[in-house]
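Me: I would like to learn how to read a model like this one. Please take me through it feature by feature.

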Amino acid sequence: MSHSRRTDLGRPFRWLWASTAASNAGDGITRTLLPLLVVAHHPDPAAVAGLTTVNMLPWLLFALPAGVLADRFDRRRIVLGSNVVRGAALLGAALVLATDRALPLLYGLAFLLGIAETLADTAAPAMLPRLVEERHLERANGRLSAAQIVLNEMVGPPVAGLLAGLTAAAALATGGTLYALAALLLLGLAPLARTGPEPAPPEPAPPGARDGVLRDIRQGLRFVLGHRTLRLTLAASALYGLVFSATFSMLVLLSERTLRLSQTGYGLLLAAGSVGAVTGSWLAPRAADRLPTVRLGRWSLAGSGAAYVTLGLARHPALAALALAANGVLMMGWNIPVMSLRQRLTPEDLQGRVMSVSRLCSWGGMPVGATLGGLLAAALTVPAVFVVCGSVLALGALLLLAPLHDEPPAPPHEKG
């Protein structure tokens with residue numbers, strides 16, 4: 001067995017991984033269940049679209065303040081508190097929604113879950129550089145990504161469907177229990193992070209950084225905009241977010257109208273993409289050991305664009321599935337090395353704010369991308385959305401990242 005497979009990321013990371021796995025299982029259930037509840041009691045396309053908008057809105061409203069909080073306070077407590085809030089909200093909803101499923105209640109639940117997710121998903125990655133050694137960041141991010149994909153995208157949705165077939169209350173209570181478990185698992189992290197050779201949890205920000213949220217946000221933005229590697233990789237992430245949302249919003253139509261697939265076939269297409277992403281989460285850290293980070297990210301992003309073009313040109317389901325699987329691998333070839341690079345380049349007291357800008361760039365533009373996808377499909381065709389967006393992504397990746405010098409590969413692993 002190779003040394004890379006024996007890499008032990010330490011007990012603090014194992015606590016974080018277990019908590020992340022539980023919360024992602026909760027995410028997979030709730031993200032599938034809430035639209036089902038809306039459709040069952042408010043079968044209006046505008047109502048379903050509104051749920052997604054309300055759930056994603058906190059990323060636009062609170063992403064940057066969430067980064068300030070993650071740099072001012074103990075990040076472990078932020079993630080723990082966010083999971084407690086999500087668990088309590090879903091357990092409460094299991095009781096309330098059993099008798100009253102008014103649309104405002106469902107929207108309110110989605111908005112509250114979105115706020116808690118914004119806080120947790122900003123603070124958790126900012127914790128990672130304090131829990132694992134720098135040379136292990138790619139592997140740590142890869143294992144967290146694999147847990148997210150498997151539990152959030154592959155396991156959570158079918159479990160939610162099965163539970164919803166029993167009662168909505170059972171599904172809501174299961175999601176709430178998983179979030180409560182995620183919070184409980186984080187309780188084991190603090191004493192481990194404070195003992196032995198492991199690094200301590202983040203120190204509170206110095207008094208000079210507490211003068212105001214806006215001042216802290218500006219400081220984080222100045223750091224990102226003033227650092228060429230961060231600035232250009234975040235621009236590339238923003239482009240990828242637009243392309244991803246534009247194409248994903250049209251994928252169901254491509255499956256139904258162009259590939260002539262049933263609902264089961266569409267599910268298998270999505271599964272192919274998830275399998276590719278899980279494979280990529282294993283391959284990306286190993287590729288990062290051998291290739292300069294910027295080069296790996298640049299060609300992964302350009303390759304992802306080529307995969308979207310192939311998907312748009314495909315007329316056979318097998319080719320479409322292969323294109324989605326390849327895109328999953330290449331997506332991880334971009335996400336994992338570049339996130340690890342950002343963590344290395346960012347000072348400890350700015351980790352939360354840089355992560356919040358990253359999330360805002362990646363996810364904040366997704367509603368815009370989905371709208372653009374619809375407009376392109378109306379003006380051209382559904383397959384043309386994939387061809388145009390894939391071409392823009394490939395060309396944009398090469399142009400945006402061309403000025404960057406290759407960062408060296410990840411620091412080599414010591415022989416054990």
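This is a predicted model: local features need pLDDT of at least 70, side-chain atom pairs count only at pLDDT 80 or more; totals for chains, interfaces and linings use all residues.

**Reading the model**

Reply: Residues are numbered from 1 along each chain as its sequence is written, and side-chain values use heavy atoms, with hydrogens and water left out.

Me: How many helices and strands are in the chain?

Reply: Helices (H or I, at least four residues) and strands (E, at least two) are DSSP runs, numbered from the N terminus. The chain has 15 helices and 0 strands.

Me: Which residues of helix 6 are buried?

Reply: An α-helix has 3.6 residues a turn, so residues three or four places apart point the same way. Buried means under 20% relative accessible area, exposed over 50%, and partly exposed in between (1.4 Å probe, protein chains only). In helix 6, the buried residues include Ala168, Ala171, Leu172, Gly175, Tyr179, Ala182 and Leu186. Over the chain of 416 residues, 52% are buried.

Me: What does Thr118 touch?

Reply: Contact means heavy atoms within 4.5 Å. Leaving out residues up to four places away in sequence, Thr118 touches Pro58, Trp59, Phe62, Ala63 and Ala66. Thr118 lies in helix 4 (residues 103-131) and counts as buried because its relative accessibility is 1%.

Me: How many salt bridges does a search of the whole structure find?

Reply: Side chains of opposite charge can pair when their charged atoms come close. The criterion for a salt bridge is a side-chain nitrogen of Lys or Arg within 4 Å of a carboxyl oxygen of Asp or Glu. The search finds 12. One of them joins Arg31 to Glu117, with the closest N and O atoms 1.9 Å apart. This pair links distant parts of the chain, Arg31 in helix 1 (residues 11-41) and Glu117 in helix 4, 86 residues apart.

Me: Are those two partners buried or exposed?

Reply: Arg31 is partly exposed, at 41% relative accessibility, whereas Glu117 is buried, at 4%.

Me: Where does the salt bridge between Arg130 and Glu348 lie?

Reply: The two side chains, Arg130 and Glu348, meet at 3.3 Å, N to O. Arg130 is in helix 4 and Glu348 in the loop between helix 12 (317-345) and helix 13 (351-363), so the pair ties together parts 218 residues apart in sequence. Salt bridges that share partners join Asp71, Arg75, Arg130, Glu348 and Arg353 into one network.
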